[in-house]
Amino acid sequence: MGFENGSRTTISCSQEGRLWSHLIAYDMSEWVEWCHKVGDKLIDHSISTREPFNNLIVPKFMTERPALVPLAIEWGTSFFEPHEDEINISISGETAPFYDTRLDLISHTDSDPIRFRVTTGTQSATYELQFGERGVDYVPIGLDVADVSIRRRRGSLTEWFRKDSPIVFFADGSTLADHHLYTPPDIASRAPYPVERIVAWDWTGVDLKVESQTHARRADSIQRRVILDLLSSATNPAWDVVFDDDANEAADIVAIRSEGNRIIVHFYHCKYAHGEAPGARVGDLYEVCGQAQRSIRWKNSVSKLFRHLRQREEARVRRIGVTRFDRGDAAKLAELNRLARQVSTEFKVFIVQPGISKAEVSKSQLDLLAATELYFKDTSSIDLIVISSP
């Protein structure tokens, strides 16, 4: 199991020489095309039979907490197989659809217990990853617990996570899932993120401690500053849709346009500064790098991304009567969704953190950005762009 050209793939073989994959061929031509691709590899003598093993990730069964900084926690794969409106999360009598539920880490250190919070609006429940001889368990801290219903199946969140664990992303590029830690083999030789690729913006008039524009569209927020840049007449080609997906987001801002025979999707992840002025604090990047890593799951679920945005718009309008569209509307989103079924879709991910000073950026910050970019490249072939202060 792995990734090829930015998509998940499997390839298996037996000692007798049979090869197969868990991919689905929807017609004979797809199967023939796969056969040709596999055949080309088999007869290419320039391909080393040892090199793949040098990059193999060997999972390590975890009986104690790894001394690593967690960046983010993501729902297990079973939560993304049904449609989002087929999943409900309930806490203390309050039920929310999956697309309006948050899952967030509580702290980012290499030694504190790894705890996360599930939020359904006004209610929340806190859980802790507890390590032992049998691996990892997900134990509620406090009286409030979350229940999950998927279609006709219902159970506690702990029960669900025992069957399909969440994924925890760490600062060094490792991930924890199903009791095992997966660590990339090239950590020691990884090059830092190039300073020259960081894009420095002027943040005059913006409060670096105010992240979200909220439904009031705060002019002094980081998110609003990015949106105004996307809406600018100087942006060419212009975006067809600029969407505020803050809170339980695919990204804080999702920008979409059609361009030739492609659909272009840009994800912008914004984070406030932890200090009064831009600097070299690695803590400014922990959460936003984790959020960015979580967003790439939408690359292989483009139709679900459009459905997610539509549901988020309907839920907010129903709740407070304010749209999430800063450009475009539901009709334009539906038009782009139909087009996306016929053409290719290209993604880019942006980390927006004015708390970083490009002039003073630290090696720890650059190493963390490099680990995040490597994850994008290896799993999805997505480019990472960083926007900072000068």
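These notebook entries record what I looked up in a predicted model of a protein.

**Ground rules**

I worked with a predicted model, in which local features need pLDDT of at least 70 and side-chain atom pairs count only at pLDDT 80 or more, while totals for chains, interfaces and linings use all residues. Residues are numbered from 1 along each chain as its sequence is written, and side-chain values use heavy atoms, with hydrogens and water left out. For the elements I followed DSSP runs, numbered from the N terminus, with helices (H or I) of at least four residues and strands (E) of at least two.

I began with strand E13 (residues 146-150), where four of the five residues are buried, buried meaning under 20% relative accessible area, exposed over 50% and partly exposed in between (1.4 Å probe, protein chains only). I then looked for its partners, counting two strands as paired if DSSP finds at least two bridges between them. Strand E7 (residues 87-91) runs antiparallel to E13 and is joined to it by five bridges, with Asn88 having Ser149 of E13 as its bridge partner. On strand E14 (residues 153-156) I found four bridges to E13, again antiparallel, and there Ile150 is partnered by Arg153.

The hairpin of E13 and E14 has two residues between the strands, and I stopped at Arg151, which lies in that loop. Its phi is near 55°, a positive value in a residue other than glycine. Arg151 counts as exposed because its relative accessibility is 53%.

Arg217 counts as partly exposed because its relative accessibility is 24%. I noted too that a cis peptide bond, with omega of about 0°, joins Asn236 and Pro237, and that Pro237 belongs to the loop between helix H4 (222-231) and E19.

**Entry: the five-stranded sheet**

I traced an open sheet of five strands in the order E5-E17-E16-E15-E6, with antiparallel pairing. Its edges are strand E5 (60-61) and strand E6 (70-74), each of which pairs on one side only. Between E6 and strand E15 (residues 167-170) there are four bridges in the antiparallel sense, and Pro70 stands opposite Phe170 of E15. Helix H5 (residues 283-295) lies across E6 and E15, at about 35° to E6; contact here means heavy atoms within 4.5 Å, and the axes are lines fitted to C-alpha atoms, for helices over the stretch in contact, with angles from 0 to 180 degrees between N-to-C directions.

**Entry: the seven-stranded sheet**

A further open sheet has seven strands in the order E18-E24-E23-E21-E20-E19-E22, with mixed pairing. Its edge strands, each pairing on one side only, are strand E18 (199-200) and strand E22 (325-327). Strand E23 (residues 344-357) and strand E24 (residues 383-389) pair in the parallel sense over six bridges, and Phe350 has Ile385 in E24 as its bridge partner. H5 packs on this sheet as well, touching strand E21 (262-270) and E23, and its direction makes about 175° with that of E23. Helix H7 (residues 330-340) also packs on the sheet, touching strand E19 (241-244), strand E20 (253-259), E21, E22 and E23, with its direction at about 60° to that of E20.

I searched on a 1 Å grid over the protein atoms alone, where a cavity is a set of points at which a 1.4 Å probe fits but cannot get out, a pocket is an open set with protein on both sides within 12 Å along at least five of seven lines, and lining residues have an atom within 4 Å of a point. The count came to one cavity of 30 Å³ or more, and the largest cavity holds about 280 Å³ of space. Of the 24 residues that line the largest cavity, Leu103, Asp104, Glu249, Gln291 and Arg294 are the closest to its centre. E6, strand E9 (102-105) and H5 each give two or more residues to this lining.

The second largest pocket has about 290 Å³ of space. Of its 14 lining residues, the closest to the centre are Asp100, Thr120, Gly121, Arg312 and Arg319. Strand E8 (94-97) and helix H6 (302-320) are the elements that give two or more residues to the lining of this pocket, and E8, with three residues, gives the largest share. For both volumes, grid points are joined across faces, edges and corners, and the volume is the space filled by probe spheres set on the points.
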